[in-house]
Amino acid sequence: MNFKKEFNTNKETWNQKVAAHAGSDFYFVEAFKAGRTSLNTYELEALGDVTGKSLLHLQCHFGQDTLSWSRMGAKCTGVDLSDKAIALAQQLNNELQLDATFVCCNVLDTSQHISETFDIVFTSYGTIGWLPDLKPWAQMISSRLKEGGVFYMVEFHPIAWMFDYTTEKPIMKYAYHQDEVIYEEYEGTYADHQATIVSKEYGWNHSLSDVIQSLIDEGLSIESFQEMNASPYDVFPDLVKNNEGLYESKDKLFPLLFEVKATKKVAR
Ligand SMILES: C[S@@+](CC[C@H](N)C(=O)[O-])C[C@H]1O[C@@H](n2cnc3c(N)ncnc32)[C@H](O)[C@@H]1O
């Protein structure tokens, strides 16, 4: 299956979201332009000093995280399916006189567009759920990493995606191990609930074992794996802000995030 219809629908939706997101309070574009980083403590602590390192950012949206890494001294390339997102990322790069490169393509096709290998491959907050199968994703990550290079991801927890949030009260509806695609249609976006766009989205749930095993199968060694209750983003219903300014559920029944850091093995 090539999932052309699903990817095209998602691309149209993401194209519509770009302007709404760039104008939203969620993304703080003006503050970002003035120097605010868009990166959060999890990824900053995990990757540490990136000065002089080459970094490939998968599903970079309109590039604020990519450009934040650039400001910290990394040589960055961002990839995204949405041409509108990539156009805005390039515009921000030029305006801020940074040296990132942006490529518009399906993340699964990255190696058809980029042959360079990187010290770091990074992806964060809302990415793998747009992909039907993690095997080609992990293959691409391994191909684009230098030997000894680091892959880091921080992502919403798969338990959080077992719920349908389009109803007034979230309903646990989707399986933890679910192969079938999930289609949802709703008004607004997570960054601007009042935005006058109808989001039409095809998504896929991936279990933690799918994520981790797909990386191991492609020659990556898992260095660390964590599940976290607190999210930098207020994107699920009824979260409360903690003392560190992060968002948690009141009952803390399940984690909201997980992170994986892995290294590409050195061939002997
Ligand atoms: C939630 S955003 C990523 C979050 C990012 N950390 C941010 O907020 O800036 C998801 C991104 O994935 C992109 N995307 C969705 N499906 C994709 C695919 N198949 N290939 C590449 N990018 C894709 C969308 O265009 C969107 O920019």
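Buried here means under 20% relative accessible area, exposed means over 50%, and partly exposed lies in between, with a 1.4 Å probe and protein chains only. On that scale, buried residues make up 53% of the 268 residues in the chain.

Ground rules next. This is a predicted model: local features need pLDDT of at least 70, side-chain atom pairs count only at pLDDT 80 or more, and totals for chains, interfaces and linings use all residues. Residues are numbered from 1 along each chain as its sequence is written, and side-chain values use heavy atoms, with hydrogens and water left out.

Overall architecture. The chain has eight helices and 13 strands. Those are DSSP runs numbered from the N terminus: helices are H or I with at least four residues, strands are E with at least two. The radius of gyration is 18 Å, close to the 18 Å from the globule rule for 268 residues, so the chain is as compact as a globular protein of that length. That radius is taken over C-alpha atoms, and the rule is 2.2 Å times the number of residues to the power 0.38. The C-alpha trace spans about 50 × 45 × 40 Å along its principal axes.

Now contacts, meaning heavy atoms within 4.5 Å. Take those with a separation of 6 or more: 71% of them join residues 24 or more positions apart.

On to charge. The chain carries 23 positive and 38 negative side chains, and the centres of the two sets lie 4 Å apart. Lys and Arg count as positive, Asp and Glu as negative; His and the chain ends are not counted. Each charge is placed at NZ of Lys, CZ of Arg, CG of Asp or CD of Glu.

How many salt bridges are there? Eight. The criterion is a side-chain nitrogen of Lys or Arg within 4 Å of a carboxyl oxygen of Asp or Glu.

Lys11 and Asp83 form one, at 3.9 Å, N to O. This pair links distant parts of the chain: Lys11 sits in helix 1 (residues 4–22) and Asp83 in helix 5 (residues 83–95), 72 residues apart. Lys11 is partly exposed at 27%. Asp83 is partly exposed too, at 34%.

Asp119 and Lys146 form another, at 3.2 Å, N to O. Here strand 4 (residues 118–124) holds Asp119 and strand 5 (residues 145–156) holds Lys146, 27 residues apart.

Is Glu248 buried or exposed? Buried, at 13%. Lys252 is partly exposed, at 42%.

Last, a network of salt bridges links Glu30, Lys33 and Glu95.
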